[in-house]
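Here's a quick briefing to read alongside the structure. Keep the 3D view open and look up each spot as you go.

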Amino acid sequence: MTRALPLVLLLSACGPAASGGGVDMQLFVQAGLLDVISGFQVALVKSGSTLDCVAAQKTCIKGQVDATRFVPVKDSKGAQKKALFFPINLVAGTPNTQDVSLDGLSPGKDFAVIVEAVSKDTPARLTGSSCNYVQQISVGQNAAVSAHIETFPTPVTCDVRIDP
Amino acid sequence: MASGLLALIAATALAQATDVPLRTVTAQVVPRNEALEKAQGQVDSGDFEEAVKTLEAGIEQSELTDDQLVEMYRLLGLAQLYLGNEERARDAYEKLLQARPDYELPRSAPPKIRTLYARIKDDVKKRRVRPVTLTLTPIGEAKAGLAVTAEAHIEDMALGAKARLFFRRSGAQAFGSIDFVREKSSRTEYRATLPAFELPEEDASWEMDYYVEVTDAAQRRLAGKGDSYNPLTFRVAARTKDTGPVAGATPWYQNPWVWVGVGLGVAAATTGVVLIATQTQTGTLPIKIQIDGTP
C-alpha cells in the first residue's frame, strides 16, 4: 500500500487542467456605449418626492424643473455647480459600472438624484437617464445610490447640459 | 452739730415708730434675698439693732448682686443713723458709694437723711476715698478648645481686694471662678485666663455666662460687671469639621500651573468651538452608475 501511493500521485498529475469549480466570466465594456456616450451628468434636485421619476427619465431634467431646485454641488476644483459632468469611465462588467460621487452637499431631506447619459454628438443629446429618490443627506459619507440607466434605442434631442 | 442732727433724726424715727410703722422705700426692685427682706422688715418695725445684725450677716453672703449690695448698705447706713452711730453710717454709705458711685437716695427718703447722705458723699470726695472702677473688655466669640483671656482695667483697687471672673456654661446652676492677675508692667491692667478645658469642642456652638466682680477682703462687692442673675455671655464656636489647608501649604489657586492649565484648556476649548462653528458640515453622496444595452 505504501509502495503504490507515489505511483497514484504521479499518475494524478497527468491530463487536462481543472476548471476551478466556477463559471468563467467575460468582462468587457460594450464598444457601442463608449462610441456613443461622452459621459454622465449628475444633478441633485430638491423636493424629490414631488418629482415623477418615471416621467423625468424620458427627457432632459433641465427642462422639467426650475433651475432653483438644483442643489449646489462642488466639482473637483471646489467650484459650486448645479450639476457635475463625469466623462465616461465605465468598468468592465455586467452591467458596466462607474462610481462617482457628489461632494459638499448640505444636509437635508427629500431629494432626487438624476443621472443622465450624454451623447458624444453635437449638440449633445440624452442617451439614457435614471432617477432615484434620496430621503435624506447627512453630514459625512452617505449610503451609495445605485443609478441604473436604461439607454434609449434612439437618443432624445433636448437641452441636456445644466451647467455648460 | 452732727450730734444734734443725729438726735433729731433719732427722735423723728422714734416718733414714727410709736405712731405708725416706720416705712422705707427701697431704691428699686431687686432680686429677692432673705436677709435683705428680713432687714427691711426690721427697719420698718424700728428694730434697728437687729436690722444691723441681719444686714452685716447678709453682706457677707457671696453672689450678691450690685443692687442687693447697694440696698443692704443703704439700709445699714439708715439703721446706724437711727441708732446714732454716724461714723458707722458713714462707713456703710462709703461702701455703698464704692459699689455704686453714682447712687442717689430715693426721693422718698426723709429730707434730713438725704441731707446727711449728701454731706457724707461730699466728705467721701474730700477724703479722696475713690471708688473702685472696673472697665471690662467684653469677651467675643471664642474658639472651642482654646483658652480665653478676659481683660479688665481696674482703678483704685482697694487694699486686699480681689477681682474674679465667674463663669458657667449657660443653663448650668453654679459658677466657677478664677482670679484676675495684675500685669507686672501695669497697675491697672488685669487678666484672667479661662483654661481651654473649660471650652470643650462640640458639634454645635454654645454659650458661656460670665461676670466679673471686685470684692474686698471681707468678700464684699466693690465693683462688678454683670452678676449671677444678669450675667454677660459669649459664644463658643462649634467644632471645625474642615481642618483646612496644611499650615504653610500654598492654596491651589495660588499655584501658577493651575492657571496655566486653565488657560490652555480655555484656549483649546475656544479653538474647538470656533473650528466646529466655522467648519462647513457637508455630506458626500456616492453614486454607482450602472448601464447596459446598446444604443
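Start in chain A, where A:P123 sits in the loop between β6 (108-119) and β7 (126-137). Helices (H or I, at least four residues) and strands (E, at least two) are DSSP runs, numbered from the N terminus. This is a predicted model, in which local features need pLDDT of at least 70 and side-chain atom pairs count only at pLDDT 80 or more, while totals for chains, interfaces and linings use all residues. Residues are numbered from 1 along each chain as its sequence is written, chains are lettered from A and ligands numbered from 1 in the order in which they are written, and side-chain values use heavy atoms, with hydrogens and water left out.

- Most residues other than glycine have a negative phi, and most peptide bonds are trans.
- The peptide bond running from A:T122 to A:P123 is cis, and its omega is near -10°.
- A:S47 isn't a glycine, yet its phi is positive, at about 50°.
- You'll find A:S47 in the loop between β1 (37-46) and α3 (53-56) of chain A.

**Where the two chains meet**

- Chain A puts 42 residues into the contact and chain B puts in 15 residues, where contact means heavy atoms within 4.5 Å.
- Together the chains bury about 2600 Å², with 56% of it on carbon and sulfur atoms; buried area is the accessible area (1.4 Å probe) that two parts lose on being put together, summed over both.
- Between chain A and chain B the count is one salt bridge, meaning a side-chain nitrogen of Lys or Arg within 4 Å of a carboxyl oxygen of Asp or Glu.
- That salt bridge joins the side chains of A:D99 and B:K288 (3.0 Å, N to O).
- Over all chains, the whole structure has 17 salt bridges.

**Helix packing in chain B: α2 with α4**

- Two packed helices are described by the angle between their axes and the distance between the axes.
- Helix α2 (residues 34-44) of chain B packs on helix α4 (residues 66-82) of chain B at an angle of about 25°, their axes 10 Å apart. Axes are lines fitted to C-alpha atoms, for helices over the stretch in contact, and angles run from 0 to 180 degrees between N-to-C directions.
- α2(B) and α4(B) are therefore roughly parallel (angles under 35 degrees count as roughly parallel, over 145 as roughly antiparallel, 65 to 115 as roughly perpendicular and the rest as oblique).
- Residues making this contact include B:L36 and B:V43 of α2(B) and B:M72 and B:L75 of α4(B).
- By class, the contact of α2(B) with α4(B) has seven nonpolar, two polar and two charged residues (Ala, Val, Leu, Ile, Met, Phe, Trp, Tyr, Cys and Pro count as nonpolar, Asp, Glu, Lys and Arg as charged, and the others, Gly among them, as polar).

**Two antiparallel pairs in chain B**

- The axes of α2(B) and helix α3 (residues 48-59) of chain B come within 8 Å and cross at roughly 165°, so the two helices are roughly antiparallel.
- Among the residues that meet there are B:A39 in α2(B) and B:L55 in α3(B).
- α4(B) packs on helix α5 (residues 86-99) of chain B at an angle of about 165°, with axes 8 Å apart, which makes α4(B) roughly antiparallel to α5(B).
- The contact of α4(B) with α5(B) has 11 nonpolar, two polar and four charged residues.
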